[in-house]
Amino acid sequence: MNIVNITGRVAKDPETRGTVTTLIVATDRVKLKDGKTYVDEATGYTAKETEFHKVTCFNGLGKSAATRDKGNVVAISGRIHYSSWEDRDGVTRYGCEIIANSIDFF
């Protein structure tokens, strides 16, 4: 099964082309040192790693997603989609995105 669920913050304002909207969603993961969480000395907070996910929304879902702003919390269910293409120099490039089936806004 190809199912993915993420909850995170919209990292930049959505981009819309027609009925397709693309979101970049940031999720945090706690960093471990020797199997335990630790405090980042520079910030004074628990150390975390942030990952950014490209999320594509179609049709009505795309219209709803387009109303979100940077910083809004979203929960997304969908599937992972891999693609490949050739750039201008003839080099094969690869990408990964989440195709959204549903989005909950908080």
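The chain has an accessible surface of about 7,600 Å², and 48% of that belongs to carbon and sulfur atoms (Shrake-Rupley method, 1.4 Å probe; for residues, only the protein chains shown count as cover). This is a predicted model: local features need pLDDT of at least 70, side-chain atom pairs count only at pLDDT 80 or more, and totals for chains, interfaces and linings use all residues. Residues are numbered from 1 along each chain as its sequence is written, and side-chain values use heavy atoms, with hydrogens and water left out.

Start with the fold. Along the sequence the order is β-β-β-β-β-β-α-β-β.

Next, the overall dimensions. The C-alpha atoms fill a box of roughly 45 × 40 × 30 Å along the principal axes. Of the 106 residues, 25% count as buried (under 20% relative accessible area; exposed is over 50%, partly exposed in between; 1.4 Å probe, protein chains only).

Now the side chains. Two charges sit over rings (NZ of Lys or CZ of Arg within 6 Å of the ring centre and within 35 degrees of the ring normal). The charged end of K33 lies over the ring of Y38, 4.3 Å from its centre. That of R68 lies over the ring of F105, at 4.1 Å.

The disulfide count is zero (the rule: a pair of cysteine sulfur atoms within 2.5 Å). C57 is in none; its nearest cysteine sulfur, that of C96, is 15 Å away. C57 is buried, at 0% relative accessible area, whereas C96 is partly exposed, at 45%.

Methods
Helix = DSSP H or I, 4+ residues; strand = E, 2+ residues; numbered from the N terminus.
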